[in-house]
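Subject: Structure for you to look at

Hi there,

Here is the structure I promised to send over. Please open it next to the sequence, and my notes follow below.

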Amino acid sequence: MANDGQKTNLDPEKQALLNKHTENHFTAGEIVRDIIIGVSDGLTVPFALAAGLSGANATSSIVLTAGIAEVAAGAISMGLGGYLAAKSESDHYMRELRREQEEIVNDPDAEAAEVEEILAEYGIEAQEYTPVVNALRKKPQAWLDFMMKFELGLEKPDPRRALHSALTIAVAYVLGGAVPLLPYVFFPRAREALVASVVVTLLALLIFGYAKGRFTDNKPFSSAFQTTFIGAIASATAFGLAKAIHP
């Protein structure tokens, strides 16, 4: 269905049918991806850090201080990474857009042949796609949009995507990182705080992994197990290495 506000040439009867027809597609994939990246790392990295420091016999206050510093640095680093990734995607789209625009202006016959080739791949015969090609040649912007989507497989990115991605990842990282560190606020003894942190964080990883599997159409129980297992291995490794170095 066309985006709201986009003009179409459909007759009123068909437009009414489209207005009544609703499709329940999940369209927040980029936001969910950013949340998954932020929460996943936010739960795992501070968890492993806290376990490692606890294994080195650090006090709860030291673990909490180091953990907060790591969460702050990690949120900035992850957010910046998300911003640069989204910005690179936008820059790539604009470069290809300019290149495709130049090709349409400088070599329209070759570009028209590419349209024919694309439509032929869908099993459309020459006598069927020729009017489509001729119609596109009369509408340069529609032609350009067609080539970007069907030749290059590129969708126009949201200009606010880079900033939104950075903020989403950073906030998700902070929220995830707060979970394994919270017990160190209430338990002055690091060993007691570590036990509580393990229980709380593994439970959070289990819930997060299940939710991630549901949103990404994967097996939720398998996703829950894998996410929890990775977090457990990371923290156990950090704790074991710290104990080996600082018994």
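How many nonpolar, polar and charged residues does the lining of the second largest pocket have? The lining has five nonpolar residues, one polar residue and four charged ones. Please keep in mind that this is a predicted model.

Here is some more on that pocket. The second largest pocket has a volume of about 160 Å³. Its lining is made up of Tyr93, Leu97, Gln141, Leu144, Asp145, Met148, Lys149, Leu154, Glu155 and Lys156. Two elements each give two or more residues to this lining, namely helix H3 (60-106) and helix H6 (140-151). H6 provides the largest share, with five residues.

Helix H3 also turns up in a helix pair. It packs with helix H7 (residues 161-181) at an angle of about 160 degrees, and the two axes are 7 Å apart. Angles over 145 degrees count as roughly antiparallel, so H3 is roughly antiparallel to H7. The crossing of these two helices, H3 and H7, is right-handed. Sorted by class, the residues of the contact of H3 with H7 are 16 nonpolar, six polar and three charged.

The other pair to look at is helix H9 (residues 190-215) with helix H10 (residues 220-245). Their axes come within 6 Å and cross at roughly 150 degrees, which means that H9 is roughly antiparallel to H10. The crossing of H9 and H10 is right-handed.

If you want to find this contact on screen, the residues on the H9 side include Leu194, Leu202, Leu205, Leu206, Phe208 and Tyr210. On the H10 side, Pro220, Phe221, Ala224, Thr227, Gly231 and Phe239 are among them. The residues of the contact of H9 with H10 divide into eleven nonpolar, six polar and four charged.

Happy browsing, and do write back with any questions!

Best wishes

How values were computed. Residues are numbered from 1 along each chain as its sequence is written. This is a predicted model: local features need pLDDT of at least 70, side-chain atom pairs count only at pLDDT 80 or more; totals for chains, interfaces and linings use all residues. Side-chain values use heavy atoms; hydrogens and water are left out. Axes are lines fitted to C-alpha atoms, for helices over the stretch in contact, and angles run from 0 to 180 degrees between N-to-C directions. Helices (H or I, at least four residues) and strands (E, at least two) are DSSP runs, numbered from the N terminus. Angles under 35 degrees count as roughly parallel, over 145 as roughly antiparallel, 65 to 115 as roughly perpendicular and the rest as oblique. A crossing is left-handed if the near helix is turned anticlockwise from the far one by less than a right angle, and right-handed if clockwise. Contact means heavy atoms within 4.5 Å. Ala, Val, Leu, Ile, Met, Phe, Trp, Tyr, Cys and Pro count as nonpolar, Asp, Glu, Lys and Arg as charged, and the others, Gly among them, as polar. On a 1 Å grid over the protein atoms alone, a cavity is a set of points where a 1.4 Å probe fits but cannot get out, and a pocket is an open set with protein on both sides within 12 Å along at least five of seven lines; lining residues have an atom within 4 Å of a point. Grid points are joined across faces, edges and corners, and a volume is the space filled by probe spheres set on the points.
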